[in-house]
Amino acid sequence: MGTSNSKQILRLTSCSCCKPLRALSDASFAYKIMPQTLQFDDHRTAFQHKNTWELLRALLVLRACGSDYFVDNSLKLLRQGQQILGEKVLGWFLRPTVYSQFVAGQQGSDLAATAKSLHKLGIRLMVAPTLEEDVGESSSSQDKYDRNLEEMFRLADLTHRHGGHEPCLQTKITAMVSADTLKNLSQVCIWQDADSWKVMVEHLASVMMGRTQLPHISGIDKNDSENLFLALGRLKRLGEVATEKQLRLLVDAEYSYVNPGCSLITLAMMAAFNQNRPVVANTYQCYFKRALETLTLELDVTESLGACFSVKLVRGAYLEKERKLDPECTCTSYVKTGENYHSVLERALMHAKKTGPDRCLIIMATHNEETVRHATSRLLELELDPRAGHVVFAQIYGMAEQISMPLARAGYIVYKSVPMGALNQVLPYLARRAAENRSVLHGARKERQLLQQELNWRIRSRLKINK
């Protein structure tokens, strides 16, 4: 972002509440947001938009989620509660607490209300369906995956109608095809070199768009081939809907034993739908030591096919299980994971610098303050306009308000990942996410402290008024 006589720099600075003060010029100008103005320890900035009940609920739920006993036994407690109390009675307790803290709801009106409240705060919508499966849970019938596709169509329509500007819709490949098939496909993928990987992506993209038949893939039997062919058809329809409705379709990463297959299919979707703009994005888990190598390979493949590259960067949500499966493949500590995240982010940002805002999308999905500060500094140093829409932040709905709010108020683009679904579907999903995101929930200690400070501030303020 260079300076000249015809282009003035717009500097955004903040008061203690991080409200941006804008210096406007009649000439053309660029934005320059100063990352040093970000404050992540101001309870007023983080929570002034919430009522007292919402503060109490958040404090209660986040404290419970910070307990190892609660996290380890959440699914068991949920099932016992259903057996003893019944689903209806259990819902009376869970709907206004855990469910409302993390979930928008089930109906379109629920999502509309959530989207409206986020929009008022300058935060964009990212809808997270709770559709997934693991190896051993696959259905022999295709009805399950067809129903999942119909649900994705419903959510795509709701996201389009209520999501505002450039809303995102998450999805999982295991919602569209048997996880067992993906595991078998992944076993084939991991032995492929870069050239073979590109050929496989091209073939699947061609099949997806109906130009060729699915070729024989060595190591994949007839049943898996049929499953894969049907899945490509479903994902073609989903990609067409996302393109038509101007959505960003974010494919979530899953377990390491299905990820290569998921990535192969996602890259095929990029080749099919990202020729003109970044519609489909892949997700990279930075607790894997080879995350940078994986991203670089897949970036090269995507570019060689003339497609826009889109990426969501996460630390990862399955660390405990991955370490049991193969401890050598994961980073040895949270600090090392952070360093790895920064290395992967640097590669993605350099790509964004090279291509410009129309040909890529980088989503920094993180609850780590150090990473956020690092990212905002690098945006400034690389002269990447944070308002151009191609380099954005994301956090989980119901968490990390002390990060999301200052970022949004300072002018950065921020998304909230908002689960949608029925109570009996979403709660098991949340229980699994709680176990998998243990480090994130433990890291919410500061957020709990700020919640308590905001509550104390409100109590003191009311006492002063009543004197």
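Two rings of Phe, Tyr or Trp, the last represented by its six-membered ring, form an aromatic pair if their centres lie within 6.5 Å. In this predicted model, four aromatic pairs are present. One of them joins Tyr-255 and Tyr-257, whose ring centres are 5.4 Å apart. The planes of these two rings meet at 15°, so the pair is stacked, because planes under 30 degrees apart count as such. Both partners are shielded: Tyr-255 is buried, with a relative accessible area of 14%, and Tyr-257 is likewise buried, at 16%. Another pair brings together Tyr-287 and Phe-288, with ring centres separated by 4.8 Å. Here the planes stand at 85°, and the arrangement is therefore edge-to-face. Tyr-287 is buried, with a relative accessibility of 1%, and Phe-288 is also buried, with a value of 13%.

The charged end of Arg-44 is placed over the ring of Trp-457, at 3.9 Å from the ring centre. In a further case, Arg-95 lies over the face of Tyr-99, and the distance to the ring centre is 5.5 Å.

The largest nonpolar core comprises 126 residues. Within this core, the residues with the most contacts are Phe-102, Ile-265 and Leu-313. Helix H10, which spans residues 259-273, supplies the largest share of the core, namely 10 residues. When neighbours within four places in sequence are set aside, Phe-102 is in contact with Val-61, Leu-62 and Cys-65, with Tyr-397, Gly-398 and Met-399, and with Pro-419 and Leu-430. Another core, of 12 residues, lies apart from the largest one; its members include Cys-168, Ala-281, Leu-361 and Ala-394.

Cys-168 is in no disulfide, and the nearest cysteine sulfur, which belongs to Cys-360, is 14 Å away. A disulfide would require two cysteine sulfur atoms within 2.5 Å. Cys-168, a member of the 12-residue core, counts as buried, since its relative accessibility is 0%. Cys-189 is likewise in no disulfide; its nearest cysteine sulfur is that of Cys-262, at 9.7 Å. With a relative accessibility of 2%, Cys-189 also counts as buried.

Terms used. Residues are numbered from 1 along each chain as its sequence is written. This is a predicted model: local features need pLDDT of at least 70, side-chain atom pairs count only at pLDDT 80 or more; totals for chains, interfaces and linings use all residues. Side-chain values use heavy atoms; hydrogens and water are left out. Rings of Phe, Tyr and Trp (its six-membered ring) pair if their centres lie within 6.5 Å; planes under 30 degrees apart count as stacked, over 60 as edge-to-face and the rest as tilted. Buried means under 20% relative accessible area, exposed over 50%, partly exposed in between (1.4 Å probe, protein chains only). A charge sits over a ring if NZ of Lys or CZ of Arg is within 6 Å of the ring centre and within 35 degrees of the ring normal. A nonpolar core is a set of buried Ala, Val, Leu, Ile, Met, Phe, Trp, Tyr and Cys residues joined through side-chain atoms within 4.5 Å. Helices (H or I, at least four residues) and strands (E, at least two) are DSSP runs, numbered from the N terminus. Contact means heavy atoms within 4.5 Å.
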